[in-house]
Every structure is written in C-alpha cells, then in structure tokens.
Amino acid sequence: MTPAVSDVKTLQIDGIDVSAQADQTILDAAREKGLSIPTLCHLDGLGDVGACRLCLVEIKGTSKLLPACVTRVEEGMEVTTQSERLLKYRRMTLELLFAERNHVCSVCVANGHCDLQVLGQAHGLTHVQFPYRYPKLPMDASHDRFVVDHNRCVLCTRCVRVCDEVEGAHTWDVMSRGIGSMVITDLHQPWGESDTCTSCGKCVQVCPTGALFEKGKARLVAKSRDFLPYLAMMREGK
Amino acid sequence: MTPEQLEQIASEETAARARNPRRLSVCMAAGCISSNSDAVKKALERAVAGGPLKDACPVTGVGCMGLCSRGPLVSTEPAGVLYQNVTPEDAGEIVGAVSGPAVERLQCSRELPFFKRQVGVVLENSGQINPERIEDYLAAKGYAALVQALTEMRPAEVIEQVSRSGLRGRGGAGYPTGLKWSTVAKARAETRYVICNADEGDPGAFMDRSVLESDPQRVLEGMIIAGYAVGASRGYIYVRAEYPLAIARLNTAIRQAKHLGLLGSQIGNTEFAFDIELRLGAGAFVCGEETALIASIEGGRGTPRPRPPYPAQAGLFGAPTLINNVETFANIPPIIRNGGDWYAAMGTQRSKGTKVFALTGKINCTGLIEVPMGMSLREIIFEVGGGVPEGRKFKAVQTGGPSGGCIPEQFLDMPVDYDSLAQAGSIMGSGGMIVMDDSSCMVDVAKYFMEFCMSESCGKCIPCRAGTAQMYDLLAKICEGRAALDDLAMLEDLCDMVKNTSLCGLGQSAPNPVLSTLRYFRDEYLAHIQEKKCPAGVCACGMKQEAGS
C-alpha cells in the first residue's frame, strides 16, 4: 500500500521544525519555510536530475550527502543545509564550473541575469583556485532567433528537459561524455537546420547562463520562467 | 519438457561418454583463442581423422581452463593430462599419446598450486564442458537446481537458501544477495524484472567474460531461479558489445534453453514462465552502474540517477528490479543444489563462499582462479599465482579496478574478503587483481586510473565531470615534475570533494586509486614534487622543465 498523498511528515531543517507532505522533497519543504538551499540544475516545473550537487544536504544518521531536490522528506528527519563542509563543497563545485569553460562575466550577454553569477556572489567567490581549462568550443548562430554558445554552458540540462517535458519536441540532448559533453540539437546538426525545433524559445528562457540567448540583444533582459510552474500545474490538474 | 525428459537427456549424454571415454578438449575461451587455439583444434581434428582413433576420440572446444598465460591449453581424457603452449604442429604427437604415455615436453602439471589450491563452484564446469552444447551442461547436473526449485520449493524457500548461503553481490559492493532478492519479492507490483549485469569494464578484469564464454547456461539457470524466487517473468542480460564471443555463446545458450523448454512458458512442465533477452552495451563503462544500465536498457542515454529509489523498489520501466552480476547468478545453481549451509561453510565470517579473481600484471600465472574467501593475498599471489616473474620485487596489488586501490606489501597476509579489503583502502570489486612490481610508479598508476575515470565519466554531475579532469591534470603535472606541494594539497581536497559529492559510484570511487597510493606511497609523490624524480624511473620527470629552462 503506498502512503496516501495527504500523509504529513514533520522534520527538522537546520533546527527548525517543518511539516511537509510525504511526496515533497527536502528542497520543497525548506523553500516553503523560507530556508534557502542553492540549486542550479533544479527549476520549478521541470523534472529533477540531481546533477549539479549544489543542493546536497546532511541528514542525521546517513553518512552520505543527499541532494535536497530529489530526496523525499521522512518523519523525524534532521536535515542540515548549511555546514562548513557543505559550504566548502559548494564553493568547490562552483569553482569547478567556472574553471571548466569560459565564464567571464564582463563580456557575457547574461551579465546581471545569470544564475551562476548569483551563486558565485552568494558564496563569496572572489577567485578560482583551479586552473581554467578554456576549451575551444563552438557557437551556433544558425537559428533565426537564437544562439547557443557552448563556452558558457554548464550542462545543467534545463534546456534538454524543458524541450522534452514541456514543449514535447526533444530537440536538445547531450552528446559525448565526461568533460567532453555538449548539448546538441537533434543529431548534432546546426540549430537552424533542426527539423524538430519549434522556435518556442523555452530553452532560452530556462538557461541559467549566457549559453542560450536571443539574437540582437547586446544585454540579456531577465529571463522569464514563470510559465513553467504554471504549465506543470495546469497539466497535472492540481 | 518434463524433468524426466531432461534427466533422460543428461543420462544419455553420460552414457555416451562412458561408452567412449577418449576425448581431447581444447580451450576455446578468448584468452586461448587469441594465442591460436582454434588452429590447434583444427589440427587436432585433422590428426584424429587421419589416424587410428578416427571417430573414436572427439575433439571438443571447452571453456577457460584458467592458466591463460600458458595457452593454448589442451586436456586429454581419460588420462586427464594437461598440455600447455600447444601449437598446431604438436597435434600429431598429442593425438598419438591419448591412450599412451603423455607428451612430457608439453605437459603442464595438474599438481601446480595454481590448480591444487582452487575450489570450483562458479568455475566447476569451466574447461570441462562444451559451452555450446546444453547436453553437456545437463550431464554436469545442469538445471537440476532449477527443477528442484520449481517442483520442490516455494519462492520464499529459494530466497531463504540464498540468504542462508551468505552470498554477497559479486559485482563489487557486496550487498547481501538474499536481502536484495527478498526486497524485490516483497515490493508490491504487477511486473518485476531480473537483470544480469554483464557490463564488466574494469581494466584487468575478465571473470564475467570467462564465465559467459565457458558456462553460459549456468548464468541463465541462476537468472531463471531468481525470476521464480522474486516473481519476475522477464530477464535481461546487459552484456558489453566488446565481448563478441560471450554474446555468441549466450545467444546459442538461450536458443538451446528455449528449445528444451527451459525458457519460455511452462518451464519444466510447471506454471512458471520466464524469458531472457540480451541487450548489448555500446562501450560506456558507466553503464555497469545499475541505474545507468537500466536507463540504457530503457533506450535512454546511459547516465545514472540518484538513489533512492533503488532498483529493487523502482528500476527498469519503474518496476521493482533485481539486478545482480554474472558471478552472483552463476553461484545460485550450486547453492540451490547443495543448500545454503553448504555454501556458507566456505569463506570467512562475513564473506562466504568462493571468489573468482583475474590475475594479471607482473605475475607468473596469469589467468582466472577461484579460491575460497579469506585466502591471504600472499597465498593468492605467491602460491596460486606463482609469484612475481624475473626475480623482481613485489610492490603492490591493485584490486577493484578504477574504484579500488593499491594494496602494499605489509597487507599481504591479510585474508581477502569484502571487509578487510575495504579496511586496507581498496575494495573487493568484481575480482580484477593487477600485480605490480618495483618497476611500476604508483603516481603513474594513479594517473592511469584517473584518466580512465575522466574519460568514462558520463558528464552528468559536476564533481565527477570537472573534478576528474582537474585531478588528472594535477597528476600529470606531478608525473612531469612540474608540481608544487600546493598541487598535492589541491589534489587531496579534490579527492575528498569528488568522493563525497558525486552522484554515482563511478565518481564516488574515482579518487580511490589516488587516495590509496597517497596513503601507502606518499614518498613517491613527494619524490616527484620535491626532487623532480621518479623513483621507479617511469615518469619523464623534470625533462620538460630542463628543456624549458
């Protein structure tokens, strides 16, 4: 017998008593209570993949760190979202991202509207200890309206998921593996030649950085993501 | 087919053998084939056909006989002589000696510790039966366990025997098999699946390949029993495409099992139905991780997902899924046949039974062995394995592949089981053992494994994708004599971070080769950094710097 959806669990997050429904994640419960846990690959309205590891939290009784975005609440759980260890790992994760490709804010279209930038600032990142890798990656401006700059991509796969789950086109996917991974359109043909792309622009709106942007704008305006939870809500008929 | 009919096939096969005991068996597993055993087999066939033994001495291809470094191997019956390093030119002499004294120049003693110290459970038929004939398997008590389970035992009793046996997952992590089976059996669902993980990918590991090439029916039988025990009617074998011979033999085995009604509906004339399908891996190491493997079977990109939920709760197509390794399934038939207590009588307190190891590297007897759990590393390497060649000094043994670590000399007397290997900073892993002598540089070894993890990372989570690349660069820097002590500190920081924050087992264990070599061979790292010198003389330390300055 699966527990009824209305089952309510009580738990502690950072010492604060919180109640949550059994199907809620730690991240849901924390944010409802106004507690912040950093996230990058998570976006309200999209399926979670637990990939960026920024939302890892400590749970009493478990030696493993667990991602808050996919871990369901349990009765009596004691969650720590901010500890010296977690903060150190989060900073290192961000530094690894900054060093992985080219994230120079001053010459980026997303400057001022970038999730990675905000996360860096929030974690007091003044420098990056790891050597920058500066891979030589292409840009694809073959689409009429949009551009993908792989040098700015953090491989959060928000574009892949919004295109698959919300737009239903599945134009985007990931190619190759490891440090050589890259998001691609269709079977790696130029975006402008994609048979499946509907030019809806959702991928551009959900992209956390300047990897996906609209042509003809030197500075990106704030991305609009409100449509996502709304669509998800309407679909599920909640 | 009824159990009686199966028994009849087995007894006919045994009777035929008894009528004509003469027989030449040639190893036709990948190791010996690569040293030309198929030509040896053809030459033996010609020699038999052209001599007095025509039609009286069948030449059979059998599975792995273990001592791969002395292949091609040929054994004769009824004398039971084993010949090593056989060439096609030796065929006439060997055939001539079938009923007489053995050819001494080619003889390989069966009294070697390599053979004497082994205990055959998983490999009991390996090198004995023709893997392409189900009749051979039936004659070797094959499918007796399945018939016994289907006709005499309830599913819960099967699981009880597996639990009693103390068998732990042979894929590497050592999760109790009985517990996993009962979790899947108890999950509330209409559909359940059984998956056999045959995506063996650790460098230097070839246990699963040998089992599949030498005795594929055994794995099928284990899976069918598992299907009965957990209430599944469909199974998948996920085998890497780099094992063409194993795939061909599995296909043959599945076809023959279907033909005899051991797969399909009404198995052994009971209500139980079970089917097995092969799925081929496309070359990604990470697909050996269970959730990535499941994603790959489902047709998606082979990337892992966070657990929980574990596959036992929600696995393939969302259904409760039992996923075990080849060797785990291969242990099941003898456990059911002889009872869990029989199996539990072997091994140590917390690691029961036997384990198959692939011995490679700087060791005299390269090959496949099966020994009871708890045998010491010294016995495995120096007795069974025959020690380090050319009088060189043993330095370390690498177990567990890229997820494992290097164990130095001071642990040689440690009994090999899941817990003691973990204490020494390595893991049991799937059973690869790479022996290294003093000509190996441990930093270079760590770099090799890190390169492997870097190129096999799926790229999904940041710590593994970017962390392994940074760690590899740091190791390369150390090897080249360009590193400072700060780099070593950064490497250790990254090891800790990648280990604790990565999404799946690949990333979580990727730092292990570095951590274990740092723990036991820190002086080698320091020599590279401070003295710009590679003590083993492997790395081109300082060369670049000198050229640059």
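Analyst: We begin with S181(A), which counts as buried because its relative accessibility is 1%. Buried means under 20% relative accessible area, exposed means over 50%, and partly exposed lies in between, with a 1.4 Å probe and protein chains only. This is a predicted model, in which local features need pLDDT of at least 70 and side-chain atom pairs count only at pLDDT 80 or more, while totals for chains, interfaces and linings use all residues. Residues are numbered from 1 along each chain as its sequence is written, chains are lettered from A and ligands numbered from 1 in the order in which they are written, and side-chain values use heavy atoms, with hydrogens and water left out.

User: Where is the place of S181(A) in chain A, and what does S181(A) touch?

Analyst: Helices (H or I, at least four residues) and strands (E, at least two) are DSSP runs, numbered from the N terminus. S181(A) is found in the loop between β8 (172–175) and β9 (182–185) of chain A. Contact means heavy atoms within 4.5 Å. Not counting residues up to four places away in sequence, S181(A) touches R101(A), L155(A), V174(A), M175(A) and S176(A), together with R301(B), C458(B) and G459(B) of chain B.

User: How should I read chain A as a whole?

Analyst: One starts with its elements and its extent. Chain A has 6 helices and 10 strands, and its C-alpha trace spans about 55 × 45 × 30 Å along the principal axes. The radius of gyration is taken over C-alpha atoms, and the globule rule is 2.2 Å times the number of residues to the power 0.38. A compact globule of 238 residues would have a radius near 18 Å, and the 19 Å of chain A agrees with this. Buried residues make up 50% of the 238 residues. Of the contacts in chain A with a separation of 6 or more, 60% are between residues 24 or more positions apart.

User: Is helix α22 of chain B largely enclosed or open, and why?

Analyst: Helix α22 (residues 512–520) of chain B is largely enclosed by the rest of the structure, because 7 of its 9 residues are buried. These are N512(B), P513(B), V514(B), S516(B), T517(B), L518(B) and Y520(B). They pack against β12 (405–408), α18, α19 (462–479), α20 (485–501), α21 (505–509) and α23 (522–530) of chain B.

User: Which residues does E456(B) touch, and is E456(B) buried or exposed?

Analyst: E456(B) lies in helix α18 (residues 442–456) of chain B and counts as buried, at 11% relative accessibility. Apart from residues up to four places away in sequence, E456(B) touches R177(A), as well as G283(B), A284(B), F285(B), V286(B) and L506(B).

User: What can be said of A527(B) in helix α23?

Analyst: A527(B), in helix α23 of chain B, is buried, with a relative accessible area of 7%. Leaving aside neighbours within four places in sequence, A527(B) is in contact with K532(B), K533(B) and P535(B). A527(B) and S439(B) are 88 residues apart in sequence and 16 Å apart in space, C-alpha to C-alpha.
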